[in-house]
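Please look through the sequence and the structure below before reading on. The report then takes up a few parts in turn.

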Amino acid sequence: MSAPAAVLAGLGGYVPPRTVTNEELSHRMDTSDAWIVQRTGIRQRHWADPGVATSDLAVEAGHRALKSVGALAPHDVGMVVVATTTPDQQCPSVAPDVASRLGLGTIAALDVAAGCSGFVYALATASAALVAGHAEWVLVIGAETFHPFLNPADRGTAVIFGDGAGAVVLRRGTADEAGAVLTVDLGSDGSLKDLVGIPGNGSRHRSAARPHHADERYLYMNGKEIFPHAVRRMAQSSSAALAQAGWSVDEVDHVVGHQANLRILHALAQHLGVDKERVVAHLDQVGNTSAASIPLALADAAAKGRFQLHDRLLLTAFGAGLTWGSAALTWPGTALA
Ligand code: COA
């Protein structure tokens, strides 16, 4: 009998209605549509309206993913994992609120903070819970409201990030089923923690006997230094996940990488030896949505009918921490589209 595994059973994505084009940003700061498209591949992003927070986006995406499963009853879901770096508040975590608002009852609910790798870390957490028998169904959501954390004076980040949420429903099944998450590889390098982050508002700053600088509330990113780390770590992690799954690179039908920069995705494809046509790129429409980027890209590609039953997917992400992670899974069929 095949080994127990998490199996993909539902999928949903949500972006707030307000679209912010490169053209609009070029009126606010010293940038241009041509620079942003050429250096990142991003054409637009979505920003949440004032007062809208990450849990609101997570509830929308979670609702869509649950609905896509059809006959699933709310009480069947045993756990909610929300990957986010932009929670509504420092405490409590957003997952219990999301579970409650989705009508899922008093189930296990936790946030996972791993920057832009958060969704893969959450997928690993959920898979482990399912395989261990802690739940039969788990809702995994990546959700971010990044735009309030963007420094309007920093054109290196302000043009990159967007808001959104993506969600998957996983069920306890077996590794031979279509949709099975076969392997996950995770890693981190905390010695490079200062390359990207939001330094203000944590215990380090609260306990420091010095006034906070206003900019510490904002996301800081050394994009130039991060770029090669992102390519190298995602390539290494992808290779590790594929090796564990017993797949060669040639057997991968779709690479769904973290949607940070089209140049990074193409460099990753080159490192792996995958042609660009197999790389899923959705960032032109939504920018970098951090922990939401992989499930949003999955939802968009599935809606466009890009994936077929039994297709082999490689997910790979990289983010603050530094953190990275990859997963190998098969596609469960057109029902998810
Ligand atoms: N508009 C116009 N010019 C810009 C700009 C913008 N929005 N942002 C930066 N520039 C300028 C810089 O000031 C610099 O000018 P200079 O040459 O006169 O000094 C020039 O463009 C090049 O800047 P640089 O930072 O080297 O650009 P880049 O090609 O590295 O692109 C990123 C910047 C952020 C798009 C890119 O580094 C990146 O995607 N990094 C990885 C991010 C990532 O993977 N994060 C993962 C975790 S979130």
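## Basis of the description

This is a predicted model, in which local features need pLDDT of at least 70 and side-chain atom pairs count only at pLDDT 80 or more, while totals for chains, interfaces and linings use all residues. Residues are numbered from 1 along each chain as its sequence is written, and side-chain values use heavy atoms, with hydrogens and water left out.

## The open sheet

Helices (H or I, at least four residues) and strands (E, at least two) are DSSP runs, numbered from the N terminus. An open sheet of 5 strands has the order β1-β7-β6-β4-β5, and its pairing is mixed; two strands pair if DSSP finds at least two bridges between them. Because β1 and β5 (108–112) stand at the edges with a single partner strand each, one side of each is left without a neighbour in the sheet.

Within this sheet β6 and β7 run antiparallel and are joined by 8 bridges, and Val 138 stands opposite Leu 170 in β7.

## Helix α3

Helix α3 covers residues 54–69, and its 16 residues should span 22 Å at 1.5 Å a residue, which agrees with the 23 Å between its end C-alpha atoms; the expected span is 1.5 Å times one less than the number of residues. Its buried residues (under 20% relative accessible area, with a 1.4 Å probe and protein chains only) include Leu 57, Val 59 and Leu 66. The buried residues of α3 pack against β1 (4–14), β4 (77–83), α4 (95–101), β6 (137–144) and β7 (164–174), where contact means heavy atoms within 4.5 Å. Just after α3, Gly 70 takes a positive phi of about 80°.

## Helix α11

Helix α11 (residues 293–303) is mostly covered, since 9 of its 11 residues are buried, among them Ile 294, Leu 296 and Leu 298. These buried residues pack against β1, α5, β6, β7, β11 (254–257) and β12 (312–319). Gly 305, which follows α11, has a positive phi near 75°.

## Around the ligand

The ligand is surrounded by 23 residues, of which the closest are Thr 31, Arg 39, Arg 155, Lys 224 and Asn 261; a residue is near a molecule if one of its heavy atoms lies within 4 Å of it. A polar contact is a pair of N or O atoms within 3.5 Å. A polar side-chain atom of Thr 31 lies 2.6 Å from a nitrogen atom of the ligand, while a backbone N or O atom of Gly 223 lies 3.0 Å from a nitrogen atom of the ligand. In the side chain of Arg 263, an N or O atom is 2.9 Å from an oxygen atom of the ligand.

Methods
Buried < 20%, exposed > 50% of the residue type's maximum accessible area, 1.4 Å probe, protein only. Polar contact = N/O pair within 3.5 Å; in protein donor to acceptor, adjacent residues only side chain to side chain.
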